Every structure is written in structure tokens, then in C-alpha cells.
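This briefing concerns a predicted model.

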Amino acid sequence: MHFHILKSTRFKQKIKLPSRNFRTLTSLLRKRKLLKKNLFTIKRIEELKKLREEAYKCIPFEHINHTSSFKTLFLGDSTIVGAGAKPHESLAGRMAKDYPWLHIENKSKTGAVTKDVLHQLKKATHPKYNLIILNVHANDIFRFNNFNDLEKTAAQVFQKISKRTHTAV
């Protein structure tokens, strides 16, 4: 992996970013006309880096109830994980609070893209679910993933989900 070093004379700091993240960040900043001297600083990049690290530490909420006949599976990205919220405040956590009799598995992961959902689905423990809740694509868009590849992968995801449930949201 190639890295870029961003230097700040104002803060006398260096930060190392993977090339792909650097290109994405700089292109977004250029589009928004923020990449000007001293307007977007290394300090802000470090704040974003810390937020990202915290988001990756989030553990998806699960409520394993082996006696339940209603099995629910959550798949997707940080929205489903509940990044930035306490586990019981995530969508899965709120469902468990309102419906404590549910069996809730959550295989979602912060930063996941559409192709990652295929791997998440493989980690699911039951062959069939009453409900599968899916939220993904934001990271595909943010990373400028190829739309044609995304469309093919999404079709594969929907096909595999349809084999595991009759109800997907």
C-alpha cells in the first residue's frame, strides 16, 4: 500500500494516509473549494482519524435468544452497527428492547461495502431468518466504487438474501 505524508508547517506535524484515502479526501476538498492554505488543517485530519478509529471499535449489538422462533439478522455498515451510539441505542438494540423475545444476530461492520455483505451473510449462524435488515452502499459511494461492479454485487447480495428469508428490509 502506498502512503502520502501530509505536512503542516503551522502545527509542525506529519500524518500518513493511504494513497486511496488521500486521493478521496483531496478530491472532495477540491470540489468543495476547501483545499486552500490554512483552511483545512492537519489538526482537522487528525480529528477525523480519531473519529474513524472510534467508529471501528464499535461492536454490533446482538441479542442471542436460542428459544426464540423469530430470527432476525442485521447486515451492513456503520449505520447498522450503530457507530456513534451506545449498543443498546442502535437499531438492533432498540428492537431487542421493544421485542425481547427476538433472536437478533448482527454481522454488520463499520466501513463495510456491498461486497462485504456477502462475507457477513456467510457468518450468519442460521440457514433461514424471519427478517433480514440490510443497510449498505454509503461507503461504496464515498469510495467512488465502480457503479457496474456495485450493481452486479448488489444483485448477488439480493439473490443470496432471498434464499435465507422471505422478508428483507
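Apart from its neighbours within four places in sequence, Asp77 is in contact with Ser108, Lys109, Thr110, Ala112, Asn135, Val136, His137, Ala138 and Asn139. Asp77 itself is located in the loop that runs between E3 and helix H3 (78–81).

**Burial of Asp77**

- The relative accessibility of Asp77 is 2%. Asp77 therefore counts as buried, because the category covers residues under 20% relative accessible area.

**Salt bridges**

- The model contains two salt bridges.
- One of them joins the side chains of Lys107 and Glu62, with an N to O distance of 3.5 Å. Lys107 belongs to the loop between strand E4 (103–106) and helix H5 (114–123), while Glu62 belongs to the loop between helix H2 (42–57) and strand E3 (71–76), so this pair ties together parts that are 45 residues apart in sequence.
- A salt bridge also forms between the side chains of Glu105 and Lys107, at 3.9 Å from N to O.

- Glu62 has a relative accessibility of 34% and so counts as partly exposed, a category that lies between the 20% and 50% cut-offs.
- Glu105 has a relative accessibility of 1% and so counts as buried.

Conventions. Residues numbered from 1 in each chain as written. Predicted model: local features only at pLDDT ≥ 70, side-chain atom pairs only at ≥ 80, totals over all residues. Heavy atoms only, no water. Salt bridge = Lys/Arg side-chain N within 4 Å of Asp/Glu carboxyl O. Helix = DSSP H or I, 4+ residues; strand = E, 2+ residues; numbered from the N terminus. Buried < 20%, exposed > 50% of the residue type's maximum accessible area, 1.4 Å probe, protein only. Contact = heavy atoms within 4.5 Å.
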